Amino acid sequence: MNAMRLSRAGPMEQRPLDLVDLPVPIPGPGEVRLRVEACGICRTDLHIIEGDLSLPTLPLVPGHQIVGLVDQVGEGVTRFAKGDRLGIPWLYSTCGQCAFCVRDQENLCDAARFTGYHVDGGYAEFAVIPEAFAHPLPAGFSPAHAAPLLCAGVIGFRALRLSTIRPGGRLGLYGFGGSAHIAIQVAVHWGCEVYVFTRSEAHRALARQLGAHWTGRAEDDPPGRLDSAVIFAPVGRLVPEALRTLAKGGTVALAGIAMSPIPELDYALLHDERAIVSVANSTRQDALDLLRLARDIPIRTEVEIFPLEEANRALHLLKQSRLRAAGVLTIS
Ligand SMILES: [Zn+2]
Ligand SMILES: [Zn+2]
């Protein structure tokens, strides 16, 4: 099968992914194999490929927002059958037994494995996953339009939850890429007033189209104080900017897997029970809930489509913030 594979981490400018021919993986007991139709690209892929995260295995096929059709099932598979369209997210497997797993925090499992990180992902024609960690997808989404729901959507949704935003509350979003453009639709659905902070005029225009109450740059002052904020951009200096806009008791959630250093904070910015919380991975329940909302709202994903072989170019555009929305690789 064709795959775009990483052999050595390096900057996107050096096109670190190579097109290679690999054996088609065989699903083991309890696993399903998908013939991949689409795989979303994510900022985490950038961090992996450029070596910002320590790499457990190389060579590696990245990609963890995978949509495809089941074409083979392993021994003992009962949930799914050949021909089902499924999604594979970042959470690939957990131990099911550690303290985190047994208290509904499987996203923090010490032995968790992640798709396109510990195991080969979806920048390929086929991918395999334990059936317990695959998700049926809502009807009405093409494979390319469903792909960004699986990480951008789910992580944004978990970030909204952890930000403690309530229906009707005033929410700030910092950065407006693949994740935020889905999160805003959930927040608007919950009746929130959404304030979007981003450098890009194209992103501000998209935010207004999707129901933003106000748009501006990070250094701009929104009218009035906000209840909660989510920072999607991997930029530490946004943390004090976001705290500055929060009302007493407000929480800012950090949605990225990596971030540049957070500058020294004046304690007054944090006092009055303001909180900073990071978001790490997601649970299967997060995915279930977001996929249900995607069907009910219904969420509209904005995608920019690239063929598999152009993964390097797509990720380079993501790095330069030159994608208008969520980048997706399509695989024929
Ligand atoms: Zn565990
Ligand atoms: Zn991701």
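**Reading the labels**

Guide: Let's start at a proline: Pro298 sits in the loop between H9 and strand E16 (303-307). Bear in mind that this is a predicted model.

Visitor: What makes the peptide bond from Ile297 to Pro298 stand out?

Guide: That bond is cis, with omega near -20°. There's another cis bond between Leu58 and Pro59, where omega is about -5°, and Pro59 is in the loop between H1 and E4. Most peptide bonds are trans.

Visitor: How do you know which residues hold the zinc ion (ligand 2)?

Guide: An atom counts as a donor if it is N, O or S within 2.8 Å of the metal. Cys42 (SG), His64 (NE2) and Cys151 (SG) coordinate the zinc ion at 2.0 to 2.2 Å, so they meet that cut-off. Water is not among the atoms, so the site may look incomplete.

Visitor: Where do Cys42 and His64 lie in the chain?

Guide: Cys42 is in the loop between strand E3 (31-40) and helix H1 (43-49), and His64 is in the loop between H1 and strand E4 (66-73). They are 22 residues apart, and the pair links distant parts of the chain. The donor spacing in sequence reads C-x21-H-x86-C.

Visitor: What makes helix H5 (residues 180-189) "mostly covered"?

Guide: Eight of its ten residues are buried, among them His181, Ile182, Ile184 and Val186. The buried residues of H5 pack against several elements, including helix H4 (152-162), strand E10 (170-174), strand E11 (193-197) and helix H6 (201-209). After H5 comes Gly191, with a positive phi near 80°.

Visitor: Which residues touch the most other members of the largest nonpolar core?

Guide: Leu17, Ile41, Tyr123, Leu315 and Leu329 do, out of 53 residues. Helix H10 (residues 311-319) gives the most to this core, with five residues. Leaving out residues up to four places away in sequence, Leu329 touches a list that includes Cys39, Ile41, Tyr123 and Phe306.

Visitor: Why is the pair of Trp90 and Tyr117 called tilted?

Guide: Trp90 and Tyr117 are 5.7 Å centre to centre with 35° between the planes, so tilted is the word. Trp90 is in the loop between strand E5 (85-88) and strand E6 (91-93), and Tyr117 in the loop between strand E7 (113-114) and strand E8 (126-130), so the pair ties together parts 27 residues apart in sequence. Trp90 is buried at 6% relative accessibility, and Tyr117 is buried at 12%.

Visitor: What makes Tyr174 and Phe197 stacked or edge-to-face?

Guide: Their ring centres are 4.2 Å apart and their planes are at 5°, so they're stacked. Tyr174 is in strand E10 and Phe197 in strand E11, 23 residues apart. Both are buried. Ring pairs link Tyr174, Tyr195, Phe197 and Trp214 into a cluster.

Visitor: How do you know that Arg284 lies over the face of Phe133?

Guide: The distance cut-off is 6 Å from the ring centre for CZ of Arg, alongside a limit of 35 degrees from the ring normal. Arg284 lies over the face of Phe133 at 3.8 Å, so the distance passes.

Visitor: What makes the phi of Asp272 worth a look?

Guide: Phi is positive there, about 65°, although Asp272 is not a glycine. Most residues other than glycine have a negative phi. Asp272 is in the loop between helix H8 (267-270) and strand E15 (275-278). Its relative accessible area is 34%, so it falls between the 20% and 50% cut-offs and is called partly exposed.

Note on methods: Residues are numbered from 1 along each chain as its sequence is written. Chains are lettered from A and ligands numbered from 1 in the order in which they are written. This is a predicted model: local features need pLDDT of at least 70, side-chain atom pairs count only at pLDDT 80 or more; totals for chains, interfaces and linings use all residues. Side-chain values use heavy atoms; hydrogens and water are left out. Donors are N, O and S atoms within 2.8 Å of the metal (3.2 Å for Na, K and Ca); water is not among the atoms, so sites may look incomplete. Helices (H or I, at least four residues) and strands (E, at least two) are DSSP runs, numbered from the N terminus. Buried means under 20% relative accessible area, exposed over 50%, partly exposed in between (1.4 Å probe, protein chains only). Contact means heavy atoms within 4.5 Å. A nonpolar core is a set of buried Ala, Val, Leu, Ile, Met, Phe, Trp, Tyr and Cys residues joined through side-chain atoms within 4.5 Å. Rings of Phe, Tyr and Trp (its six-membered ring) pair if their centres lie within 6.5 Å; planes under 30 degrees apart count as stacked, over 60 as edge-to-face and the rest as tilted.
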